[in-house]
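Visitor: I have not looked at this structure before, and I would like to learn how to read it one feature at a time. Could we begin with how strands join?

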Amino acid sequence: MGRRGRGTLRSPEELRAFLTLRLLPGLGDRTLMRMLEAQGSARTALSLSTKAFQRAAGAGPEKARGAPEVLRRVDAVLEACLRFEIRILTLGGPGYPPSLLALTDPPAVLFLRGPGELAGQRSVAIVGSRRASPVGRRTGERLGREFGRAGITVVSGLALGIDGAAHRGARAEAGSTIAVLGSGPDRAHPRGNLALFEEILENGLIVSEFPPGEPPRPYHFPRRNRIIAALSRAVVVVEAARRSGALITVDHALDLGLDVFAVPGSVEAPQSEGTNALLRDGAHLIVKAEDLLAVMGWDLPLAPETGAIPARPGLRGRTAEAPTPGTLLGALTGTPRSLDDLVGALGEAPGRLLARLTRLELEGSARRTEDGWIAVR
């Protein structure tokens, strides 16, 4: 794999078997994970008898298992990884980020480009609207610069708007940044961020669960958001409308027990409805990087004009496991339940529970009434 291929420590046969399983149509990450747990290796799983493989993976993947087009696709992916110096990390293998294992469906394979690293870093996700306002873009870039100056890795999705602004801000301070893509790591998407993509390749890290050659598809981006959350220690939302994809990242962050921060916006701006709702329901308010560092208990950066900023006491990011959206929604009926009642039933912190209720409200699955929360069936 060349100089940057040090992450790929599996044998060539095991890696090929892993990629073959990953590229079988109809074989999802959860099924693949169960097969690996049961069989101990990708090679063993791939060599199961027809009946055993079909029982474990389904009829579709079994039919495609020996198809020439799948084998050609595996060869093409391996060749592209060599050509573009792409590292391959596999579930349970060396270098695979432990934080991703907390996901209900961790990616079976990760493709990495660039000199950056995934492990051992303090990292913060900055997400928000693609159709960001000028103020939102400036705020995202400023926060990226401030985190970069403080030595905090900025994680985002390389999209137009807030994502791109956050990456650019981090790079302006020569800070570390990780871009998680909804396409293969061999192509920049959107093309408007091509220059930024190439700059990150020189100094940061491009990450994707999709193999080289995979185009961006609408359903890739919600999946990408779970990786953005899992690679971060906290999530910052700069601008988000009521149904913004950034709120999907918030959902994953809450499932992982991460702290969520939101930048307040105008009550008249549609792109701030989601962020203002998060603040109303318990998210931490942030206007500068120092706000997050104090809450997380991380060292504060130096202020060029005054020297060291004294550290302030602050709450550490909560790590209690949050219930899944289905559990929370299942606790709601047509009879209003108060927040105190739900806290007692679910054993969850009030602020986090309010944030999750807000997400359900924004999705139209729950509604707040004068007497409490109800489900919308």
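This is a predicted model: local features need pLDDT of at least 70, side-chain atom pairs count only at pLDDT 80 or more; totals for chains, interfaces and linings use all residues.

Visitor: In which sense do β1 and β2 pair, parallel or antiparallel?

Guide: The pairing of β1 with β2 is antiparallel and extends over four bridges, and within it arginine 87 has leucine 112 of β2 as its bridge partner.

Visitor: How many residues of β2 are buried?

Guide: Strand β2, residues 109-113, is mostly covered, with five of its five residues buried. Val109, Phe111 and Arg113 point one way from the strand, while Leu110 and Leu112 point the other way, and all of them are buried.

Visitor: In what order do the strands of the open sheet stand?

Guide: The open sheet has nine strands in the order β1-β2-β6-β5-β4-β3-β7-β8-β9, and its pairing is mixed. The edges are held by β1 (87-90) and β9 (284-285), each of which has a single partner strand, so one side of each is left without a neighbour in the sheet. For a parallel pair in this structure, look at β3 (residues 123-127) and β4 (residues 153-156), which are linked by three bridges; there, valine 124 is the bridge partner of valine 154 in β4. Helix α11, residues 246-255, packs on the sheet and touches β3, β7 (234-237) and β8 (259-262), with its direction at about 155 degrees to that of β7.

Visitor: How many residues lie between β12 and β13 in their hairpin?

Guide: There are two residues between β12 and β13 in that hairpin. Strand β12 (residues 366-369) and strand β13 (residues 372-375) pair in the antiparallel sense over four bridges, and threonine 369 has glycine 372 of β13 as its bridge partner.

Visitor: At what angle do the axes of α1 and α2 cross?

Guide: The axes of α1 (residues 12-23) and α2 (residues 29-39) cross at roughly 145 degrees and come within 10 Å, and the crossing is right-handed. Phe18, Leu21 and Arg22 of α1 make the contact with Asp29, Leu32 and Leu36 of α2, a set that by class has four nonpolar, no polar and two charged residues.

Visitor: Which residues meet where α7 and α8 come together?

Guide: From α7 come Gly136, Arg137, Gly140, Glu141, Gly144 and Arg145, and from α8 come Ile162, Ala165, Ala166, Gly169, Ala170 and Ala172. By class this contact has five nonpolar, four polar and three charged residues. The axes of α7 (residues 134-149) and α8 (residues 162-172) come within 6 Å and cross at roughly 35 degrees, again in a right-handed crossing.

Visitor: Is arginine 171 buried or exposed?

Guide: Arginine 171, which has its place in helix α8, is buried, with a relative accessible area of 12%. Leaving aside neighbours within four places in sequence, arginine 171 is in contact with Thr177, Glu199 and Asn203.

Visitor: What does valine 70 touch?

Guide: Not counting residues up to four places away in sequence, valine 70 touches Thr20, Leu24, Pro25 and Ala64. Valine 70 is found in helix α6, residues 68-83, and is buried, with a relative accessible area of 7%.

Methods: Residues are numbered from 1 along each chain as its sequence is written. Side-chain values use heavy atoms; hydrogens and water are left out. Two strands pair if DSSP finds at least two bridges between them. Contact means heavy atoms within 4.5 Å. Axes are lines fitted to C-alpha atoms, for helices over the stretch in contact, and angles run from 0 to 180 degrees between N-to-C directions. A crossing is left-handed if the near helix is turned anticlockwise from the far one by less than a right angle, and right-handed if clockwise. Ala, Val, Leu, Ile, Met, Phe, Trp, Tyr, Cys and Pro count as nonpolar, Asp, Glu, Lys and Arg as charged, and the others, Gly among them, as polar. Buried means under 20% relative accessible area, exposed over 50%, partly exposed in between (1.4 Å probe, protein chains only).
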